[in-house]
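This report describes how selected side chains meet one another in a protein chain. Please keep the sequence and the structure in view while reading.

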Amino acid sequence: MAGTSFEMALSHFAEPKDIITPIGKGEERFRVEAGARGAQNYGFTRDDEIPHAAVERAKRRREVPSKFYNHMSAAAAQALLGADRWDSAQRVSIIRNPFDLAVSLYHWRASAGHMLPEFGEWCIANVDLLLQNRESYAIGGERIVHHLLRYEQIAADIAALELAIPELNGLGDIFSKTTAKSGVRPAVATAAASFAPYPLAVEAIETAFAEEIVEFGYRLAG
């Protein structure tokens, strides 16, 4: 959903005190070689009590427990940052057509070695997984970001973001040269073609993402 590429591009503007969460090894190497800061300030300190959830998450990912982690929810970030840092931050997230998001995530998980059922069955069973994207820009149903970028118009929305935050001048150019997680989804796997045999999956997405579909005019298209 362009999230990792966007994080990588933003890393070019980070300062030593900022938090940057780890990403995949290949992407991390690309980020640093491109001149951006790598992962920093994301771990637990000696004085921190490591929550059980962090330990379990680390086990699933086969990594060291992290205080801050890639694609964490807004609620989790708010709780860890504290009121002062949270309130002073410019909060940015990305939203994507839920039909396209479902197809993209399905193929990404398949490429990672997950044994998946047919697309329609997977889609219906994983609505909650797809809804996790909403958790990046909303807490308790309330939108909490200052800038919500549309995946389908990402270049234009990043340009608007640069105007709103002049310190990010050049972000769009850097982002355009960053291609994390590309080449996984087959070109023929359009949303329209993927959902065509599965009307119940279409209904599940329409129900779960009714708010976003109305607000942003999302539809099932090629």
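## Terms and basis of the model

A residue is called buried when its relative accessible area is under 20%, exposed when it is over 50%, and partly exposed in between (1.4 Å probe, protein chains only).

The model is predicted: local features need pLDDT of at least 70, side-chain atom pairs count only at pLDDT 80 or more, and totals for chains, interfaces and linings use all residues. Residues are numbered from 1 along each chain as its sequence is written, and side-chain values use heavy atoms, with hydrogens and water left out.

Which residues is F195 in contact with, leaving aside its neighbours within four places in sequence? They are F99, A102, V103, F119, C123, A201, V202, I205 and L220, where contact means heavy atoms within 4.5 Å. L220 is 25 residues from F195 in sequence, and their C-alpha atoms are 8.3 Å apart in space.

## Aromatic pairs

A pair of aromatic rings is described by the distance of the centres and the angle of the planes. Rings of Phe, Tyr and Trp (its six-membered ring) pair if their centres lie within 6.5 Å; planes under 30 degrees apart count as stacked, over 60 as edge-to-face and the rest as tilted. The structure contains 8 aromatic pairs. One of them joins F6 and F175 edge-to-face, with 6.3 Å from centre to centre and 70 degrees between the planes. Because F6 lies in helix 1 (residues 3-10) and F175 in helix 10 (residues 171-176), this pair ties together parts that are 169 residues apart in sequence. F6 and F175 are both buried.

Y106 and F119 also form an edge-to-face pair, at 5.3 Å centre to centre and 85 degrees between the planes. Their pair links distant parts of the chain, 13 residues apart: Y106 is in helix 6 (residues 98-111) and F119 in helix 7 (residues 119-125). Both of these residues, Y106 and F119, are buried. One aromatic cluster is formed by F99, Y106, F119, W122, F195 and Y198.

## Charged side chains

A charge sits over a ring if NZ of Lys or CZ of Arg is within 6 Å of the ring centre and within 35 degrees of the ring normal. The charged end of R96 is placed in this way over the ring of Y151, 3.9 Å from its centre.

A salt bridge is a side-chain nitrogen of Lys or Arg within 4 Å of a carboxyl oxygen of Asp or Glu, and the count by this rule is 9. In the bridge between E212 and R134, the closest N and O atoms are 2.8 Å apart. E212 lies in helix 13 (residues 210-216) and R134 in the loop between helix 8 (127-131) and strand 2 (138-139), so the pair ties together parts that are 78 residues apart in sequence. E212 is buried, with a relative accessible area of 4%, whereas R134, at 24%, counts as partly exposed.

D18 and K17 form a salt bridge of 3.5 Å, N to O. D18 is partly exposed at 23% relative accessibility, and K17 is exposed at 59%. A network of salt bridges links E15, K17 and D18. D173 and K177 form a further bridge, their closest N and O atoms being 3.2 Å apart; D173 is partly exposed at 44%, while K177 is exposed at 58%.

Key. Helices (H or I, at least four residues) and strands (E, at least two) are DSSP runs, numbered from the N terminus.
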